[in-house]
Amino acid sequence: MKLVHPEWLIEGIVAAIQAGESVRGNTSPNPPVGCLLIDASGNAIASGATQPAGGAHAEAVALREAGERARGATAIVTLEPCNHTGRTGPCAQALVDAGVAEVVYLVADPNPVAAGGAQYLREHGVKVTHMPNPVGALEPWLTATRLGRPAVTWKYAATADGFTAAADGTSQWITGDEAREFAHEDRATRDAIIVGSGTALADQPKLTARKPDGTLYEHQPRCVVIGSRAAAGEIPGDYECYATPQEALQALWDTGARDVLLEGGAGLAHSFLAADLVDMVQAYIAPMFLGTGRGVLAGPVAETLADARRFAPVRTMLLGKDVIFEMKRQA
């Protein structure tokens with residue numbers, strides 16, 4: 001790829017973001033970071049992305065690929081290079097040792113243990129620029145780091161008038177092929193999928209991430225069931241079972257999960273929303289009306305508009321005839 005000034009910086013940022021997106025779902029508890037190294041003329045030298053936990057960070061991957069070409073280069077990184085020694089060495093020091101001349105990073109590291117990389121780089125003669133930029137792949141990890149629990153995305157499919165199933169219980173399929181394809185692709189980027197014990201017993205969902213031809217994506221999320229019947233051992237299959245949402249989230253956090261998908265049903269969604277444990281919402285809306293049926297929530301979470309759980313729009317996508325509306329919890 002040839003990056004030409006002034007567009008080289010924009011193209012480099014896009015390339016670094018894409019590198020991070022390519023490993024989403026495979027790096028927890030570490031963040032999915034992307035890195036691009038370019039020379040003084042804007043030519044891409046090497047790129048890297050965070051490897052699975054215990055493996056190299058994005059900067060180290062790119063530096064290893066670049067070798068001596070890294071000397072005098074600019075590194076564009078989606079997250080501030082770390083400044084601590086964990087299972088790997090500090091990325092800030094690796095960049096200095098490689099002779100990198102400039103580092104552009106998009107998101108400051110909120111983890112106090114790992115933060116300080118930008119200052120270390122400056123102290124060792126590296127020019128550092130912080131260019132705040134929204135980075136989708138990092139969003140769940142940033143939320144999880146701030147809250148000390150996995151980031152929760154509530155996903156549901158409903159008719160335009162808000163029903164997830166008809167009065168007779170039928171729900172397959174509310175959305176079309178394109179939306180279901182996207183949903184499975186999205187599953188492959190998550191650490192875990194959560195359902196309620198009622199859904200697990202009634203539907204026995206596979207909770208796998210499947211390609212259109214039926215084969216499985218390489219990365220598969222953990223399968224989690226929550227409810228008293230799950231705690232009592234009544235759930236068949238290979239599920240992780242917990243009694244309550246908080247218990248499940250604590251166990252998931254302790255075992256490295258940072259990005260989880262809440263898929264149902266209405267009772268569990270109500271429990272999470274009422275407890276203010278929903279950080280993002282993926283609403284798959286089909287252009288059909290039922291007038292009656294099963295709603296997305298099993299009970300009220302607010303009695304007045306002033307007390308409503310409010311979310312901010314993030315993205316809207318048209319997939320076939322269906323619309324996906326993504327929302328983020330307002331601070």
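Me: How many nonpolar, polar and charged residues are in the lining of the second largest pocket?
Reply: First, the classes. Ala, Val, Leu, Ile, Met, Phe, Trp, Tyr, Cys and Pro count as nonpolar; Asp, Glu, Lys and Arg as charged; the others, Gly among them, as polar. Here the lining has 12 nonpolar, 9 polar and 10 charged residues. This is a predicted model: local features need pLDDT of at least 70, side-chain atom pairs pLDDT 80 or more, while totals for chains, interfaces and linings use all residues. Residues are numbered from 1 along each chain as its sequence is written, and side-chain values use heavy atoms, without hydrogens and water.

Me: Where does UniProt place the feature "binding site"?
Reply: Such annotations may be inferred rather than shown by experiment; names are shortened and positions follow the numbering used here. The unreviewed UniProt entry gives Ser171, Arg187, Asp203, Leu207, Arg210 and Glu263.

Me: Is Ser171 buried, exposed or partly exposed?
Reply: Buried means under 20% relative accessible area, exposed over 50%, partly exposed in between (1.4 Å probe, protein chains only). Ser171 has 32% relative accessibility, so it counts as partly exposed.

Me: Which residues does Ser171 touch?
Reply: Contact means heavy atoms within 4.5 Å. Not counting residues up to four places away in sequence, Ser171 touches Thr164 and Ala165.

Me: With which side chain does the side chain of Glu263 make a polar contact?
Reply: A polar contact is a pair of N or O atoms within 3.5 Å; within protein, one must be able to donate a hydrogen and the other to accept it, and residues adjacent in sequence count only if both atoms are side-chain atoms. The partner of Glu263 is the side chain of Arg187, at 2.7 Å. Leaving aside neighbours within four places in sequence, Glu263 is also in contact with other residues, including Lys155 and Leu207.
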